Amino acid sequence: MISTYEPASKKIRHYSANACLLPICSLYGAAVTTVEGVGSTKTRIHPVQERLAKCHGSQCGFCTPGMVMSIYTLLRNHPEPTAEQMIAALAGKYCHFLLCSGDPHGLVLGLPFFFLMELMMRENSWPLLVFFPLKVSTRLFSTDEFQPLDPTQELIFPPELMRMAESQQKRALFFHGEQMTWISPVNLDELLDLKAAYPKAPLVVGNTSVGPEMKFRGVVHPIVIAPARILDLNVVKFTDDGLTLGAVCSLSLVTDVLTNAISELPEEKTKVFCAVLKQLRTLGSEQIRNVASLGGNIISRKSTSDLNPILAASGCMLNLASRGKRYPVPIPLNGIFVDGVGNNAITPEEILVSVHIPHSRKGEYVSAFRQAPRRENALPITNAGMRVLFEEGTDIIKDLSIFYGGAVSTTVCAKQTCWTLIGRHWNEQMLDEACRLLLGEIALPGSDSGEKVDYKKTLMVSFFYRFFLEVFNSLPFQDPCCYHGIPMEYRSGLQDFKTKMPQSIQLYQAKPSQSPQDPVGRPIMHQSGIKHATGEAVYIDDLPSVDGELSLAVVTSSRAHAKIVSIDTSEALNRPGVFDIITAHDVPATNEFYYSDDPEIIFARNKVICVGQIVCAVVADSDVHAKQAAAKVKIEYEVLEPVILTIEEAIKHNSFFEPKRKLEQGNVDQAFETVDSIIEGELCIGGQEHFYMETQSVLAVPKGEDKEMDLYVSTQHPAIIQEMVAASLGVPANRIMCHVKRVGGAFGGKLLKAGLLASVAAVAANKTGRAVRLILSRGDDMLITGGRHPFIGKYKVGFMNDGRIRAVDAKYYINGGCTPDESVLVAEVSLLKMDNAYKIPNLRCCAYACKTNLPSNTAFRGFGFPQSALVTETWITGVADKTGLSPEKIREINMYKEIEQTHFKQKLDPQNLIRCWNECMEKSAYYSRKTTIEEFNKQNYWKKKGIAVVPMKYPFGLGTRYLTQYWRTVGVFKMFLKQNNVLFFLKQVASRELNIPMSYIHFCETSTTTIPNACASAGSAGTDVNGMAVKDACQTLLKRLQPIISKNPKGTWNDWIKEAFEQSVSLSATGYFRGYNEKMDWEKGEGQPFTYFLYGAACSEVEINCLTGDHKNLRTDIVMDIGCSINPAVDIGQIEGAFVQGIGLYTMEELKYSPEGVLYTKGPDQYKIPAVCDIPEQFNVSLLSSSPNPYAIYASKGLGEAGFFLGCSVFFALRDAVTSVRSERGLTKTFVLNSPLTAEQLRASCADAFTEMVIGRWGKGQSISG
């Protein structure tokens, strides 16, 4: 939180900001409060931190401090915030872990609930946790424990900064760095002199443009000028004809000023203000708007600016100045865009002083539009600003302005279209002509970044149609003889989707007879929750520097398949601070790991096989120096053929990893001859980035003797790190100690790839004899590491007219990337789990792992099941379309119904599957809501709702016993567990087994020195296998203590262990779990690869905007069978979060590559994961009651991955809405929707006259207005 003091008004302003955007020089005179300053475990926990932790709002905790600071700043400014202010503070916040393993409602609703109790009770938006039987209810947390918020106890603004601001005469500030000088002038004349002297020097206020250029593109500016302290540039002045705002006014200040003006001025004068304010509310996040300036947004002329089109269309004026020259007449803002990119209306020496936003006039209408990959905190795909002025008392166009952004490299004006339409009547004929003129005038070149031009063109005309409707609906003089008005069913196109306060109900089963001290089955807070919220939780990059420590930056391949001709490191070695360059020649032993026929590679040696492959690494005295030097390494390549990037290309070149897999049951060919109908199809599913918050991180510390080395790694698999590093260094594994305190998110992405990166750091540490730290940037992490496998499913399905599916022949192709990693195993799992919840009597399925020139894809939550099961549900809906039956009816007909065998001959009892399905149908009121939705769709042409319910059978297991064996060491002083922090609720297991309070138990780090040869924390198996090992260790310990306890049954735990020590009884024990008896014989196509099954069902309702393809998740009801929950708060958070992460895969997360294999979507700007706005407005989760699991610890089930697939209920609800659109428009042809089902795909599927203009997909020749 940044706090500043304004001497003139004597007011203190608090605002939150992203640290990465704030140059330290810009904070002169400001007070900075970090999460550590808000509260800590050493002093006092702040009520905000307490609530987030106790409301289960964190899991990995890496992003939690940012959430705390956003809410803390909100409460400093508004002690009693409204629901809208709460949503705004968190809008755009996203985290795969927060939304995938923590409870999103703990964040969105739990934090401020004490301060907003009456509001939230009134809005029924409380996150409830209700027990079975339903007579008893409780919440996820006890409000009695919470401290009240007392604003008088907050940190004060430092008095010395107040005195400095009031007494000091302002002077220009100069800060000199290694490569640049920062100058902060105090008046306009100083600024103009500086700009004349340094015309190329950028002006920096919010650093939202220059900062990313310097960080991501390596741009260096020797001189940077910061004009934020100049009063002339901070002006806010109301005039008779509008509002003048200084160029450095923050967008948040502009928002507040416009909001107040709208509330005070007549509506007729505020139409421009309203349109600008609409764009501001979704521009970036609140943290960005707090620092980004109005003038910077204009001067950058970026096509992605949401403000420039509406400011230009509205006739805003710019007040400029340069040295020795003041401009008495402002220039029109639209002048800098009207002629396109090459326009030089503003010279480098000129300064934008202020912007004048005019009042709207009588007969004038102004609107702004945007469509982005995500509604909040996302750059637009296309945006627009439009204004029309009519001749008084008529519908004749007197003046018209149309500007678009996102179309080309800057904001563009449809000048010719506007001139042509002046003098026309505002009617359908004008609309039709306008759309065709716009498409002809605005030329959209083909994009290299994967953006499809057709969608942008469709949005352009759809936006104008929306403007037409808005204006037509507002014309005050409509003659019933001439104007029939807008039909009611078309008025839905006038409304945008808004983010609302989510509501939720959460149900689970309690045990009333349970001992009060027994924590199992209770919603216990994460053991590190408080430390997450205070910022005291330590991650790899938080570890203190080691003496002589070096930073490492990797140099990666820029070619997908090429021979390395030469590597020139001379310039890099001459850079400041550079210590050495590390290549494959520096690896003492193993550089290639052969876990299969194709190796996993540390450093490329003679050739590269993907863009992003590590060729060498630079070690330097700082991270900045290492990265600067890495950019200077020159690699010469000789391109090799073929370059294989896609699954289709791999099939063409027969490029696969072995073995290929196949499963078959029944007589498929014969069954196809007897069925009534056959459908064939293909479904494409894109990949998915793990997007863990803590990127791949390693600290390698040589011990100095016996070739020992300590490795501190963010990983799910310490043992594989130890093994790979030892092999690369050529030392025994017992010389390598791998330590894992906590992991800032993983989802399967920190297994084998973490081992390769740890080896890079270890080789560098070995060569230099110094500690080496490697922290990948987000861009490098996404470039180097793979994610979920892109997937193509081809299917042929035979069925009867009554909906019974008799035969399926399916082929699955996954894009494995350039090395095997886990691809074959993912292909196997996709086969084993492809049936989902359905009994198919005759089935043949094959899976192929494609070898391509992309970074190798790897394990990811669900492990192939989310892809193959989506294909299954797709042909289920295809059968429904063909038979005329509803999808839910087809699902019920073909669902497993009695004890029988799967297609790999494992016994299955589907009782809980049927129960989950029936409860979900009942709790969601599916049929009554479906009727309501059908009625809504009849009454709305441009908005449609859809609903879908999907069952799930998720087999638990890893297929091999050795993968589920675990050791756990339990030692007593109070109680000490060597345990991976991710599985914190094992404290509950130890507490129950030893019958001691959880406060006696402490977690230490996981280390290969204490837990040798442990298997990975993956596959939802952590609780099952670790819990069994902890239970075994505790029982061993308790058995030793039993004679002592028997002699002194009324003694305390401390009494007993003291006596045991005096009697020389060992107070430490190692527990061991040998793993489940899982096996699969692929030759026979049968086995018992899974220990048990989880079941679930989800019903989701959505609403789509047919004009833009945007959609809103209205409601989701989930029923899950997870056995007997050990910690309902954690389990429900896992279900909710996994579901939202599934929404990401199926509806929005899109990886884009160039034709040369370069990843375009290398960061949060381009790659969008779900945010708060994507959580369903009503989100209900029920845990199936009375469903104990005899195979796992305390009758529980491992559920971390299972809920992910249920996110596809949103995919099929969207499909249902699209089906309604196409049915209404007479489009009966079969259509295919691939994943992710983005707004672009939805818009193209909602064919109408606008798509007809662009891509010729309209079928019935209806008019544009319907």
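This note walks through a few places in the structure, point by point.

1. First, some ground rules. This is a predicted model, in which local features need pLDDT of at least 70 and side-chain atom pairs count only at pLDDT 80 or more, while totals for chains, interfaces and linings use all residues. Residues are numbered from 1 along each chain as its sequence is written, and side-chain values use heavy atoms, with hydrogens and water left out.

2. Buried means under 20% relative accessible area, exposed means over 50%, and partly exposed is in between (1.4 Å probe, protein chains only). Helices (H or I, at least four residues) and strands (E, at least two) are DSSP runs, numbered from the N terminus. In soluble globular proteins, nonpolar side chains tend to be buried together.

3. Take a look at I805 next. Not counting residues up to four places away in sequence, I805 touches V797, G798, F799, I840, P841, W875, I876, V879, I890 and N894. Contact means heavy atoms within 4.5 Å.

4. F863 is in the loop between strand 36 (842-851) and helix 27 (865-883), and E1201 is in the loop between strand 49 (1178-1183) and helix 35 (1208-1224). F863 counts as buried because its relative accessibility is 17%; E1201 is buried, with a relative accessible area of 11%. Leaving aside neighbours within four places in sequence, F863 is in contact with R788, E822, L825, V826, V829, S830 and E1201.

5. R861 lies in the loop between strand 36 and helix 27. R861 is buried yet has no salt bridge, and the nearest side chain of opposite charge, E1201, is 6.5 Å away. Lys and Arg count as positive and Asp and Glu as negative, with His and the chain ends not counted; a salt bridge is a side-chain nitrogen of Lys or Arg within 4 Å of a carboxyl oxygen of Asp or Glu. The side chain of R861 does have a polar contact of 3.0 Å with that of Q1134 and one of 2.9 Å with that of Q1141. A polar contact is a pair of N or O atoms within 3.5 Å; within protein, one must be able to donate a hydrogen and the other to accept it, and residues adjacent in sequence count only if both atoms are side-chain atoms.

6. T852 also lies in the loop between strand 36 and helix 27. T852 is buried, with a relative accessible area of 3%. Beyond residues up to four places away in sequence, T852 touches I609, I644, L645, T646, A650, N815, G817 and C818.

7. Finally, helix 31 (residues 986-994) is mostly covered, with 8 of its 9 residues buried. N995, whose phi is positive, near 55 degrees, follows helix 31.
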